[in-house]
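Please keep the sequence and the structure open while reading.

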Amino acid sequence: MSIEKEKIYPKATMRNLTHFKSEDYSVPLMLSEFIDNSIASWEGSKKNEDISGLEIKITLTKFSQQLNNGNIIDKYSVEIRDNAGGMNESNMRNSAELYDAGEKGDNDLNQHGIGMKSACFWLGDDVTIYSKNEFETKMNVLELNSSVRKDTDELYWDYSSQEFDNSKI
């Protein structure tokens with residue numbers, strides 16, 4: 001079965017995201033961005049529940065990849081699972097955008113809208129985000145493969161939704 005993908009064009013260029021690779025970040029700082037998103041999601045969807053019920057599982061896998069020129073580089077795969085409620089289709093589409101503090105509240109946990117994206121691109125070239133809102137039956141998927149694009153290329157994310165089988169998790 002073929003999955004139909006839709007392109008989302010945020011108000012940014014590839015350079016807006018790929019420059020994060022050269023920043024002086026650390027793995028713990030980047031992982032904290034994902035934790036921040038889980039907390040914000042919990043607070044947004046489960047306001048009446050105690051935050052101590054939030055569960056976050058992070059799996060960070062480091063592996064080596066041989067390039068065409070024979071050089072070997074380290075790469076990372078990050079998997080974050082939580083019970084925070086997930087992103088519905090609208091939230092997933094909005095997560096592709098960049099924001100500034102003026103567009104969101106100064107006290108908003110995710111006020112700048114670049115944490116997840118900066119973490120993704122600091123850790124690697126290609127990003128696939130899966131999220132399923134607890135009230136939906138489809139998995140939302142957002143993909144950006146910067147390894148096959150130049151900084152000057154137009155920026156777009158591929159969005160799709162797929163049937164999801166809860167019995168497989």
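C120 touches F34 and V127, leaving aside residues up to four places away in sequence; contact means heavy atoms within 4.5 Å. The model is predicted: local features need pLDDT of at least 70, side-chain atom pairs count only at pLDDT 80 or more, and totals for chains, interfaces and linings use all residues. Residues are numbered from 1 along each chain as its sequence is written, and side-chain values use heavy atoms, with hydrogens and water left out.

**Nonpolar core**

- A nonpolar core is a set of buried Ala, Val, Leu, Ile, Met, Phe, Trp, Tyr and Cys residues joined through side-chain atoms within 4.5 Å.
- Buried means under 20% relative accessible area, exposed means over 50%, and partly exposed is in between (1.4 Å probe, protein chains only).
- The largest such core has 18 residues, of which F34, C120, F121, V127, I129, L142 and W157 touch the most other members.
- At least two residues of this core come from each of α2 (27-45), α4 (115-123), β4, β5 and β6.
- The largest share, five residues, is supplied by α4.
- Helices (H or I, at least four residues) and strands (E, at least two) are DSSP runs, numbered from the N terminus.
- In soluble globular proteins, nonpolar side chains tend to be buried together.

**Enclosed elements**

- Eight of the nine residues of α4 are buried, so this helix is largely enclosed by the rest of the structure.
- The buried residues of α4 are G115, M116, K117, S118, A119, C120, F121 and L123.
- Strand β5 (residues 138-145) has six of its eight residues buried, so β5 too is largely enclosed by the rest of the structure.

**Strand pairing**

- Strand β4 (residues 126-131) pairs with β5 in the antiparallel sense over six bridges; two strands pair if DSSP finds at least two bridges between them.
- In this pairing T128 stands opposite E143 in β5.

**Surface patch**

- I35, I56 and I58 form a nonpolar patch on the surface, with about 190 Å² of accessible area together.
- Patches are made of residues with over 30% relative accessible area and no salt bridge; like charges are joined within 9 Å, nonpolar side chains (Val, Leu, Ile, Met, Phe, Trp, Tyr) within 5 Å.
- Accessible areas come from the Shrake-Rupley method with a 1.4 Å probe; for residues, only the protein chains shown count as cover.
- I58 is found in strand β2 (residues 56-66) and counts as partly exposed at 31% relative accessibility.

**Salt bridges**

- A salt bridge is a side-chain nitrogen of Lys or Arg within 4 Å of a carboxyl oxygen of Asp or Glu, and the count comes to four.
- D74 forms a salt bridge with K62, with the closest N and O atoms 3.5 Å apart.
- This pair links distant parts of the chain, D74 in strand β3 (residues 72-82) and K62 in strand β2, twelve residues apart.
- D74 is partly exposed, at 47% relative accessibility.
- E79 forms a salt bridge with R81, with the closest N and O atoms 2.5 Å apart.
- E79 is partly exposed at 36% relative accessible area, and R81 is partly exposed at 45%.
- R93 forms a salt bridge with E89, with the closest N and O atoms 3.0 Å apart.
- Both R93 and E89 lie in helix α3 (residues 89-94), four residues apart, about one turn of the helix.
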